[in-house]
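This report walks through one protein chain, from single residues up to the whole fold. Please keep the sequence and the model side by side while reading.

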Amino acid sequence: MTSPVTSEPVMSHDMNHYGQMALEHWQRHRPQELAAIEDPQRFFSELGEQVAETVLTRTDQLLASYPQVSGFVARVQQEQTARQTAEDETLREMVYTEPSSEATNPTTTD
């Protein structure tokens, strides 16, 4: 993977999979904004950590709102559903975001 600003690879060894997903999204859909980030490695590593924490928090909140079920399989299914719902919501809000209006419609001053 290479940086859109230079042809140097963007290192992702400290980045979790959420950070990697966000970086790839920005490379495809928000290249102007990505180019303006001073330290993409740090930005996406931190974003990935924030996403992971939010997913865990939302999963716990969803599980607390679900009715208690009996049986191991039913509980595992409930946990998987909560995690998937939390992850989908969080990715939509924090990772798969649209470019800012300034990046898509730059204003010119005359």
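## Ala 86 and its neighbours

Which residues does Ala 86 touch, not counting residues up to four places away in sequence? Ala 86 touches Val 55, Arg 58, Thr 59 and Leu 62, where a contact means heavy atoms within 4.5 Å. Ala 86 has its place in helix H4, and helices here are DSSP runs of H or I with at least four residues, while strands are runs of E with at least two, numbered from the N terminus. Ala 86 counts as buried because its relative accessibility is 0%; buried means under 20% relative accessible area, exposed means over 50%, and partly exposed lies in between, using a 1.4 Å probe and protein chains only. Ala 86 and Thr 57 are 29 residues apart in sequence, yet 8.4 Å apart in space from C-alpha to C-alpha.

## How the model is read

This is a predicted model, in which local features need pLDDT of at least 70 and side-chain atom pairs count only at pLDDT 80 or more, whereas totals for chains, interfaces and linings use all residues. Residues are numbered from 1 along each chain as its sequence is written, and side-chain values use heavy atoms, with hydrogens and water left out.

## Arg 58 on helix H3

Arg 58 is placed in helix H3, which covers residues 40-65. Leaving aside neighbours within four places in sequence, Arg 58 is in contact with Ala 86, Glu 89, Thr 90 and Glu 93. With Thr 90 there is also a polar contact between the two side chains, at 3.2 Å. A polar contact is a pair of N or O atoms within 3.5 Å; within protein, one must be able to donate a hydrogen and the other to accept it, and residues adjacent in sequence count only if both atoms are side-chain atoms. The C-alpha atoms of Arg 58 and Thr 85 are separated by 8.6 Å, although these residues are 27 residues apart along the chain.

## The nonpolar core

The largest nonpolar core has 15 residues, and those with the most contacts inside it are Tyr 18, Leu 34, Phe 44 and Val 51. Such a core is a set of buried Ala, Val, Leu, Ile, Met, Phe, Trp, Tyr and Cys residues joined through side-chain atoms within 4.5 Å. Helix H1 (17-29), H3 and helix H4 (72-94) each supply at least two residues of this core, and the largest share, five residues, comes from H3.

Not counting residues up to four places away in sequence, Tyr 18 touches Gly 48, Val 51, Ala 52, Val 55, Arg 83, Glu 87, Leu 91 and Val 95. Val 95 lies in the loop between H4 and helix H5 (101-104), and counts as buried because its relative accessibility is 0%.

## Helices H1 and H4

Two packed helices are described by the angle between their axes and the distance between the axes. H1 and H4 pack at an angle of about 35 degrees, with their axes 12 Å apart; axes are lines fitted to C-alpha atoms, for helices over the stretch in contact, and angles run from 0 to 180 degrees between N-to-C directions. His 17, Tyr 18 and Met 21 of H1 make the contact with Arg 83, Glu 87 and Leu 91 of H4.

## The whole chain

The chain has five helices and zero strands, and of its 110 residues, 33% count as buried. Among contacts between residues at least 6 apart in sequence, 62% join residues at least 24 apart.
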